[in-house]
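Thanks for coming. Please look at the structure on the screen while I talk through a few parts of it.

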Amino acid sequence: MTILAFRLDVDQDGVATVTWDMPGRSMNVFDLAAMDELGSIVERIATEATITGAIITSGKETFSGGADLNMLDRLLGDFRAAAAAGHREAAIERLYAETFRLGDLFRRLETCGKPVVAAINGTCLGGAFELALACHGRIAADHDKVRVGLPEVRVGLLPGAGGTQRVARLVNTQDALTMLLKGEALRPSKAKALGLLDAVVPADDLLPAARRWLRETPRKVARWDEDGFKGAGPKVFSPQGFAVWPAVNAHYRKETFDNYPGARALLSAVFEGLQLPFDQALKVEQRYFAQVIQTDEAAAMIRSLFVSLQELNKLARRPAEVAPTALRKVAILGAGFMGAGIAAVAARAGLAVALLDRDAASAAKGKETVAASLQKAVSRGKLADTDRAATLARIEAGDDFAALADADLVIEAVFEDRATKEAVIARAFAAMRPDAVLGSNTSTLPITSLAAAAPRPRDVIGIHFFSPVEKMMLVEVILAKKTSDRALAAALDFVRLIRKTPIVVNDSRGFYTSRVVTTYIAEGHLMLAEGVPPAMIENAARMAGMPVGPLALNDEVAIDLTLRIMDATRKDLGETAVPEAPYRLIAAMVNDHGRLGRKNGKGFYDYPDSPAGRKRLWPGLADIYAPRADVEAIGVAELKERFLAIMALETARCYEERVLTDVREADVGSILGYGFPPFTGGTLSYIDFLGPGTFVRRLAALTRRHGARFRPNRLLRELARSNETFYGRFGPPRAAADGDK
Ligand code: NAI
């Protein structure tokens with residue numbers, strides 16, 4: 001066969017160097033052709049007498065990202081379509097055959113009878129690291145960009161080509177499971193300390209070191225294939241094993257609430273595999289993998305968290321005809337909490353930054369905040385100290401708007417007050433270059449109304465960051481009525497430069513993310529007013545898969561802000577626009593008890609003074625709304641459903657109103673922006689996998705019990721009637737999700 005993805009060179013000593021370098025791709029991945037090629041190379045290594053040993057390396061900057069998840073996404077689409085058409089048995093057989101190939105190939109390599117060493121020159125993840133684990137030796141370059149790991153759980157899977165079994169034999173059980181369950185990408189030093197690598201060497205010594213390994217310490221049999229092999233961890237059924245496993249199980253439940261079949265199967269595969277001979281253990285892992293890959297969770301997570309995320313990161317929504325924006329300098333107006341965060345990420349991306357505030361002292365304070373956050377990044381090993389100084393030097397703090405004159409992009413992050421923002425925008429345009437674009441970081445004010453304060457409304461756009469800016473990966477870009485394609489392209493180019501994921505939405509009060517998250521918090525208030533105990537509310541939300549409960553989240557956002565929003569809504573839309581019970585709750589919290597949230601240490605929770613202390617729910621809540629006497633009668637399943645349903649429904653409304661126009665953005669935005677449970681694939685995938693018909697029926701039941709806020713909107717009713725899904729009707733051209741079940 002023609003070899004395309006790999007190069008094979010055999011030198012006079014019989015050392016075969018296999019260099020993985022797929023033409024026309026920036027990263028090596030395992031697709032079907034690459035698997036075929038590697039298969040024939042492994043046969044040559046095994047059977048050609050002139051080959052004495054092999055080095056496997058990569059010709060690209062990264063070693064490889066592993067299996068081609070786009071291919072897997074298509075494979076799953078075919079599988080679901082065939083299964084839905086009534087050919088389930090044949091579809092499963094094909095899926096098994098395809099998914100078992102990689103594991104079988106790696107085992108053949110491991111038992112080929114010649115020593116093989118992996119020379120890991122760049123990031124090596126997933127299936128690629130499983131390949132390295134099946135080599136007899138592993139050497140990595142000591143470089144900042146090198147990472148190794150098995151991130152499969154992050155897309156709802158488990159490693160299925162021997163990764164769980166090899167890691168669990170090389171590394172002690174506790175560390176192995178932590179690494180596997182977190183899907184962590186490890187630095188070489190950490191991987192070596194764990195026992196996953198044999199050596200870490202300077203980058204330019206990588207291939208010579210691999211050769212030395214073959215000459216001096218060749219091993220051609222894996223340790224687990226040797227007689228008397230003992231793994232790095234204790235036997236499962238031993239006193240030490242008993243000390244590990246129950247704790248692991250408890251930890252898994254606490255972290256996942258058993259929502260992730262991939263993580264559950266991973267634990268089972270390791271638990272069972274460690275008690276079996278190696279080849280049987282591999283079979284156990286393969287079978288778990290084959291089961292998990294058929295789950296809705298895996299299909300949803302691969303689609304949203306890999307395929308769609310990748311497409312959004314490649315700026316799927318960018319107007320193609322606009323030339324790339326030359327971004328060298330960005331000016332940030334308002335050096336407060338958000339402004340400082342935006343300055344930090346922009347400077348880290350290499351941009352020159354002007355950080356401006358009302359006076360020089362406030363701006364300097366903002367720069368100090370940046371300095372502290374960079375220092376923290378250094379102490380966590382995320383930033384080199386030399387880069388810290390250079391990054392900080394790129395930020396110029398002050399109060400003179402003349403600094404705007406050579407900025408390519410201006411971002412305003414001043415107080416959330418219309419008059420202040422309008423004044424700042426007008427002043428900025430007077431100082432800006434005639435072609436520069438202005439983005440507003442407002443969280444609630446419609447951009448179209450702010451753009452009216454600018455002489456060039458076409459150049460005004462919303463660039464909505466999430467807090468904390470350094471950590472949150474999403475940026476919501478908001479189109480005002482007159483926003484030009486050029487401004488959109490500039491905003492998206494900026495978001496990509498700072499390595500975040502953009503979604504593009506149309507203007508509306510609260511845009512998309514703030515609007516949906518408000519319904520989540522409000523549902524928590526309503527439950528409290530119904531007499532559901534606060535701890536039950538918070539736990540039900542976490543059990544549903546949310547990262548924080550609605551009351552804890554309200555504390556973060558600030559309760560007085562909620563009151564201000566409620567007051568404004570009542571003023572604009574009438575008193576009945578906000579239900580009486582939650583309004584009474586929030587007004588009492590703020591006006592009677594001075595409980596503003598985390599910012600004053602007193603909200604739905606009490607916050608301890610010491611950073612080490614734990615927050616606790618405020619007992620005084622019972623005096624505002626006493627818990628019901630018949631707490632046992634409250635159904636936790638319904639509480640969980642209410643949280644997810646109200647957010648999914650609000651997303652469907654945003655879609656109907658064209659605030660959202662892309663299903664991928666709805667889903668990815670829901671997970672990255674407000675923590676909608678990743679295992680669902682996002683708000684619209686939640687509806688699609690449930691089936692719009694089923695969802696509408698459930699909403700009808702919730703409406704009967706809890707009121708009109710659960711009433712399905714027209715679009716949902718229409719999809720239910722025509723038995724369609726969001727992805728089926730609006731999705732980008734690729735495998736459709738399940739129909740109504
Ligand atoms: P902040 O109060 O920490 O910072 C605002 C800064 O703007 C202050 O340093 C203030 O001195 C400065 N400022 C006020 N008037 C000014 C003027 N005329 N010229 C120059 N600077 C002026 O507020 P924060 O939290 O940073 O919010 C800023 C914006 O970001 C608001 O629009 C807010 O809604 C939005 N936002 C806030 C989020 C959050 O979680 N705090 C999340 C997303 C958006």
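At roughly what angle do the axes of helix H19 and helix H25 cross? Before I answer, some ground rules: this is a predicted model, where local features need pLDDT of at least 70 and side-chain atom pairs count only at pLDDT 80 or more, while totals for chains, interfaces and linings use all residues. Residues are numbered from 1 along each chain as its sequence is written, and side-chain values use heavy atoms, with hydrogens and water left out.

Now the answer. Helix H19, residues 513-530, and helix H25, residues 636-656, have axes that cross at roughly 145° and come within 9 Å. Helices here are DSSP runs of H or I with at least four residues, strands are E runs of at least two, and both are numbered from the N terminus. Axes are lines fitted to C-alpha atoms, for helices over the stretch in contact, with angles from 0 to 180 degrees between N-to-C directions. Contact means heavy atoms within 4.5 Å. On the H19 side, the residues that meet H25 include Arg515, Tyr520 and Met527; Phe643 and Ile646 are among those in H25. The residues of this contact divide into nine nonpolar, three polar and six charged. Gly counts as polar in this scheme, and Tyr and Cys as nonpolar.

Next, the ligand. One of its oxygen atoms is 2.8 Å from a polar backbone atom of Met338. For Val414, a backbone N or O atom lies 3.3 Å from a ligand oxygen. Asn441 uses its side chain: an N or O atom there is 2.9 Å from an oxygen atom of the ligand. A polar contact is a pair of N or O atoms within 3.5 Å.

Note on methods:
A polar contact is a pair of N or O atoms within 3.5 Å; within protein, one must be able to donate a hydrogen and the other to accept it, and residues adjacent in sequence count only if both atoms are side-chain atoms.
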